[in-house]
Each structure stands twice: as structure tokens, then as C-alpha cells.
Amino acid sequence: MGLGNMAEFALILVSTILVNNFVLVQFLGLCPFMGVSGKLETAIGMSAATTFVLTLASILSYLTFQYILVPLDLEFLRTISFILVIAVVVQFTEMVVHKTSPLLYRVLGIFLPLITTNCAVLGVALLNTNRAEQTFMKSATYGLGAAIGFSLILILFAGLRERIAIADVPAPFRGAAIGMITAGLMSLAFMGFTGLIRL
Amino acid sequence: MSMILTAVLVLLGLALIFGAILGYAAIRFKVEGDPIVDQINDVLPQTQCGQCGHPGCKPYAEGIANGEPINKCPPGGESTIQALADLLDVEVLPLDAEHGEEKPKMVAYIREAECIGCTKCIQACPVDAILGAAKQMHTVITDECTGCDLCVEPCPVDCIDMLPLPTTPQNWKWDFPLPGAAVIATDAQRGAA
């Protein structure tokens, strides 16, 4: 792998983590973003599970697309087959986590199956196929970058919300309302990254 | 027409492959029971005294796994609560006085001269630590007794005393529950031997 290649991968990472962050810039995966960010520990657990699923799902959906759908001229089937791939990866992850780490399983609880309906996962897989000259390593990096971006935002936001929970917030803004406002402000801040690089 | 056929076949094939993977994983990663319940059960003192409101330690472990407070176990006391808090990653709570106070380890003693052999205490004992038969004198197997005092209540002639168990080099142990520690006293000795 040459230096130029490395730079390209670094660019993909920076682009997906900061510039085109899936949560705050492309507004995908907002349900776990609001739902699981109440406590820092659950946010970290959710981030780990999502990172694993997102990376694996983007690799597998790339393989499905490139080696099954494209040769057979069936690109129009990509949405339904990606949903299938994601559902299987999530189900599989759930089984493995249940077996290997009961505590993590208890903490993640309902949110593990909810990754299936996390639009960020399907969004990453679909956007991935739209990009020109896709290779195996690039899709893996793309998925990983998206996952790191998601985790970064989720953990930062959970930290903020833990602080807000003890702050003196005016009554009408308490709870989800101040969470929405905070998310909006974070999104504004992330728009500052636009123009850093173009991919 | 052939396009539709290929599409259907491809989806069918994908579904079959994924179904096979999941089916295999369901067998390979099968979970027997709920492991967290077993881990909690290992930390509880296994007196089976029912002071928490459950019929025994295992049901209380299931209760804790479903979100019940961890401070309902007087025989376990401070150290059990501490261990549960570490295991479940929750806050340490003071012992709930409603369910009783932490007492030194006790053992039941039957004043044998007064025993009428009614077997009521045998039926009450959750760990089968009382030996005897109808109209025969009963006695307590000290090693098996968990000191739960469930046998005191049913005795019609009040011949059972709860005596504090003196600490000797044989039964002294560090004051925190070890995970995977013995279920009852004799198991511990067997394990150590």
C-alpha cells in the first residue's frame, strides 16, 4: 500500500468522521442518538455494538452488491438485500454478545435489535455503493469511519446530557427539549468542518 | 421475465444462506439459562432464609436481574451488597432495615432433652440440616446450618436456640463473598479438601 493510498484512506476517515458526519451533518441514525444518550455507559456500549455492526454490514453489503447484484444486473435489488444483510449481522451480533458478555447484553437490552432499524447502517451501505471506484478496503474504511463518527457524536452528546441533567434548566425546556437544542447546536458546530475536504 | 426470475432466485438464495448462518449460530451460541442470574446467585449467601421476601436465594437473584434493589439480604449484609454493586455496576445501597438487620453468623441448637420429635423444624429447614424422625429426638448438623432461624418459629415446645457461631481458625474467612464460593458449608470443605 503506497503513501498515496494511505492518504486516500485518511481522507475517507476524516470525511466520514467529521466533514460528512452521519448523525450531525447527514441526519442519519437520530433515534439511537436521542434514545441511548442519557447515560455515558450505555452510550459507550451502544457505540461499540454499532461500530462492529456498521463496519461488518458495510463490508458484507459491498460484497453482496459487487459480486452478486452487479454481475446479474440486479442493482435495483440493493435496498432489500442490504436490509437482509444488516438484519442478519445484527441478529448474529446479538447472539454472540448474549453468549460472551451477559452484562453488556443487559446494558444494551432493547437497543441491540434496534440497530437493525438504525437508518445510519442502511444509509452507509447505500451511500457506499453510490460512490465511484469503490474497492473492498475503501468500503471497509468508509463503514469504519461512519461508525467512529457515530460513536464520537453519541459519546460527546451523552457527556453533555449527563451535565445538563444536573443543570438548572428552565422547566419548559427540561428533558428531550433541551436535548434537541443541544443537538442542534452541535450540528451547527459540525457544519464548521464543511469545506475542510471534499470527497 | 427472466430478469424477474433471476431477481427472485437471487433473493431466495441470499435468504437461504443467511438463514443457514443464523440457524448455525443459534445452536453454536446457545445460552443455557440466564448467566447473569447465576453470577448473582453465586454472590448471595445461600442461607435460603427468605428474609428478602423470595422463597430462596435463586429467586431473589432472578429478581435482582430484573431490576429489584440489591439491599434486601440481611445475612449477606454489607459485603454482599458491595459485591452485587460491583457485579451489576450499580450504586451501593445501605441494607434495607425492613427485611432485617445484619447479625453475626448463627447456628441453630436443639435442646435435645425437650425435643418431642414432631418433625416440624425438619420441614421448615431450607437446607435439610436437621436430622431426626417422628417421635425421635432431632439434632442440627452444624456444618449444614445456615443460621436462617426458620426452624425456631414452628417448634411447638420452643426448644431451638440460635447460638452465635464462634469464630475458629477452621471457619474464619475473609469478610467478602468470593464469587463461585461454596453453596453450603460442607461443599466448601469438600472443595478445600
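**Exercise 1. Determine how many helices and strands chain A contains, and in which order its elements run.**

*Solution.* Chain A comprises nine helices and zero strands. The structure is a predicted model. Reading from the N terminus, the order of elements in chain A is α-α-α-α-α-α-α-α-α. Chain A has 199 residues, of which 38% count as buried. Next, consider contacts in chain A between residues at least 6 apart in sequence: 80% of these join residues at least 24 apart.

**Exercise 2. List the residues in contact with Phe150(A), leaving aside its neighbours within four places in sequence.**

*Solution.* A contact requires C-beta atoms within 7 Å. With the sequence neighbours set aside, the partners of Phe150(A) are Phe22(A), Val23(A), Gly29(A), Thr50(A), Leu54(A) and Ala120(A).

**Exercise 3. Compare the span of α7(A) with the expected value, then identify its buried residues and what covers them.**

*Solution.* First, the span: α7(A) has twelve residues and reaches 16 Å from its first C-alpha to its last. This is close to the 16 Å expected at 1.5 Å a residue. Second, the buried residues of α7(A) are Ala120(A), Val121(A), Leu122(A), Val124(A), Ala125(A) and Asn128(A). Third, the cover over these buried residues includes α3, α4 and α8 of chain A.

**Exercise 4. Characterise the contact between chain A and chain B by residue number, contributing helices and residue class.**

*Solution.* Count the residues first: 17 residues of chain A and 15 residues of chain B take part in the contact. On the side of chain A that touches chain B, α4 and α5 (102-108) of chain A each supply at least two residues. The most is given by α4(A), with ten residues. Sorted by class, this side of chain A has twelve nonpolar, three polar and two charged residues.

How values were computed. Residues are numbered from 1 along each chain as its sequence is written. Chains are lettered from A and ligands numbered from 1 in the order in which they are written. This is a predicted model: local features need pLDDT of at least 70, side-chain atom pairs count only at pLDDT 80 or more; totals for chains, interfaces and linings use all residues. Two residues are in contact if their C-beta atoms, placed from the backbone, lie within 7 Å. Helices (H or I, at least four residues) and strands (E, at least two) are DSSP runs, numbered from the N terminus. Ala, Val, Leu, Ile, Met, Phe, Trp, Tyr, Cys and Pro count as nonpolar, Asp, Glu, Lys and Arg as charged, and the others, Gly among them, as polar. The expected span of a helix is 1.5 Å times one less than its number of residues. A residue is buried if 20 or more other C-beta atoms lie within 10 Å of its own, exposed if 12 or fewer, and partly exposed in between; C-beta atoms are placed from the backbone.
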